[in-house]
Amino acid sequence: MSAYLADVAALARKDLKLELRARDTLPAMLLFVLSTLVVFHFALPADAGEDAAYGLLWVALVFTALLGLARAWVAEREAGALDGLVLAPSDRSAIWLGKTLATLAFLAAAELVALPAFVVFFAPLDASALGGVVLASIGICAVGSLVSAMAAAARGREVLLPLLFLPLAIPLVVGGVGASISPDPGTYLAFLGLYDAVFAILSWAAFEYVVTE
Amino acid sequence: MDDALVLRASGLERRYGSRAVLRGISFDLPRLGALVVTGPNGSGKTTLLRLLVGLAAPTRGTLEIAVDRGRVGYVGHEPILYRELTALENLDLFGRLYRVPERRERIGMLLERYGLWDARAERVSAFSRGMTQRLALCRALLHEPALLVLDEPHSALDEDGAVLLDGELVSLAETCALVVATHTPERLDGVATTRLALGRS
């Protein structure tokens, strides 16, 4: 178990190091989420209400995540590095978990900027809304890392990724919006937790079949 | 499979759609044998090597490999490295994943031997093709493989690098099984125990 976690840590650390050097994912995510919120701020009618604003927050977060996921496996695709990871004797699910953690770190960094901006532009965020963001982000990164690996191996990857990812992200958006606006946010938070658990286990188990022919 | 063998392929076939890239490939490779694979471009050399290391599965036929995944070394067409990591960081990452004992000493020794010690802190993106190929060889040798599979390993190497590799292959043939796909089979005359010539399907 400790060897498995050490592999996951080494792989996630590698992704963070690559991003610190290349800076080709996080700046784009930050710029996108901020500019989207600014545009929504001016586009939304003054009488639109807070519920509409929460919906737009989730649109911004999901597409920001998609931007990060589209670049998640670029370093592995260049120079065939994924072959080296697949051939290593470590458990192949460690590759998925390392990528999920790194993607989650990038998304969390984008959210650290986006959520205060949302509060300034639109409406306050209570604890249940923040809980929804945390749980949905975990689900987005767990499922997204798997489907982006599938898309990375395909020829039409730019088209394939949104086609695979967005339908799977819809329940997360529903859960996130529900946790933000419902009088009973506990139900939506429980739903998000269940989604995370089910899809994380499925992704963990399926990853090996995605990266081998 | 016989204990003396490291690989046994019988009737291997690999298709992509309706196109057969490989058909009817059979051979045995002893534990300290060296198989040299030749053939023109498009004859399926790379596909065969990817089958042997487990990166692809045969469409038909059987392939028995008496070596764990972690004891296989592979240098493919791509260097299998991270371009934005340094030579040292790349080898350290793969050394961790391959559980290489005394990793730092082994990495230092390989970088010295392949003339990359002075460039150890440079990113691979700044390397020439020849240096990248040398580093790819270091990565493949890091965990002291029992089966080493090399796809055109002399490509991109200058004459000094190619001579160095020739010498390395002679000494490696005493400790592990080799499979080498090459357009210059005469460089491997000293080590080859089996030859396989592929033609276009």
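Strand S1 (residues 5-16) of chain B and S4(B) run antiparallel and are joined by five bridges; strands are DSSP runs of E of at least two residues, helices are runs of H or I of at least four, and both are numbered from the N terminus. One bridge pairs B:Arg8 with B:Glu64 in S4(B). This is a predicted model, in which local features need pLDDT of at least 70 and side-chain atom pairs count only at pLDDT 80 or more, while totals for chains, interfaces and linings use all residues. Residues are numbered from 1 along each chain as its sequence is written, and chains are lettered from A in the order in which they are written.

The strands of chain B form an open sheet of three in the order S2-S1-S4, with antiparallel pairing (two strands pair if DSSP finds at least two bridges between them). Strands S2 (19-30) and S4 (60-65) of chain B are at the edges with a single partner strand each, so one side of each has no neighbour in the sheet.

The largest nonpolar core has 129 residues. Such a core is a set of buried Ala, Val, Leu, Ile, Met, Phe, Trp, Tyr and Cys residues joined through C-beta atoms within 7 Å, where buried means that 20 or more other C-beta atoms, placed from the backbone, lie within 10 Å of the residue's own. Helix H7 (residues 127-152) of chain A gives the largest share of this core, 14 residues. B:Leu135 and B:Val179 are among the residues with the most contacts inside the core. Beyond its neighbours within four places in sequence, B:Val179 is in contact with residues including B:Leu29 and B:Val149 (C-beta atoms, placed from the backbone, within 7 Å).

Key
Buried ≥ 20, exposed ≤ 12 C-beta atoms within 10 Å, placed from the backbone. Contact = placed C-beta atoms within 7 Å.
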